[in-house]
Amino acid sequence: MQTYVTIEGLLPLIAVGVAFVLLLITVLLVPGTSKPGWMVLRPGGMHWFSFLGSAAMSALIGWVWIFVGSARSDAEFQMRVAWWLSFIFGAGAVYAGLLVYRLRKLSLRMRGRTIAYDEDGRERRYAVEDFVAWRRRWRGDFQLLFKDGNVVELDPYARNSDEFMGRLYDEPLPEEH
């Protein structure tokens, strides 16, 4: 280890690393989102790349910070930047993992004119006719509002989200009757 590596510097990096591993295990333990006959919104490539790619970048930069260091004249500054990059990529991996977990747990889906999702371990179903409105939030996701006042979040980057939004107003496909 390099001489500048302290327990105060290691603890935050260890914390985001442990959070990532626990989140990865939790995501993998969520029951499969495959529902035969349903169009299910799943985490897309962007979600998985953000989750796993950010963790890999955090680990790589953290490894350099801990074991490699720098011999340049501005090494102290470089390693401070490396620490922050490792921490920020790790925090980004945790955030992306939370998005993946939320999508898998919600399991928002549509079949014909029926919308369903899982909430607190129970399935909730609505007819498309119960859908009242949608709005786009500041961070880019959508909120779907139903007649009973229930609000469901829809991630526009999820796999099948474009088709899902389009079919809220369209007729079902012939094979779905």
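View 1. α2 (45-68) and α3 each put at least two residues into the lining of the second largest pocket. Helices here are DSSP runs of H or I with at least four residues, and strands are E runs of at least two, numbered from the N terminus. α3 is the top contributor, with five residues. A pocket is an open set of points on a 1 Å grid over the protein atoms alone, where a 1.4 Å probe fits and protein lies on both sides within 12 Å along at least five of seven lines; lining residues have an atom within 4 Å of a point.

**View 2. Inside the second largest pocket.** Of the 14 lining residues, Met46, Tyr95, Leu99, Asp155 and Tyr157 sit nearest the centre. The space comes to about 230 Å³, counted as what probe spheres set on the points fill, with points joined across faces, edges and corners. By class, the lining splits into six nonpolar, four polar and four charged residues. Nonpolar covers Ala, Val, Leu, Ile, Met, Phe, Trp, Tyr, Cys and Pro; charged means Asp, Glu, Lys and Arg; the others, Gly among them, are polar.

**View 3. The largest pocket.** This one holds about 350 Å³ and has 19 lining residues, with Lys105, Leu106, Ser107, Asp118 and Glu119 nearest its centre. Two or more residues each come from α3 (75-106), β3 (114-119) and β7 (151-154). α3 gives the most, with four.

**Notes.** In this predicted model, local features need pLDDT of at least 70 and side-chain atom pairs pLDDT 80 or more, while totals for chains, interfaces and linings use all residues. Numbering runs from 1 along each chain as its sequence is written, and side-chain values use heavy atoms, leaving out hydrogens and water.
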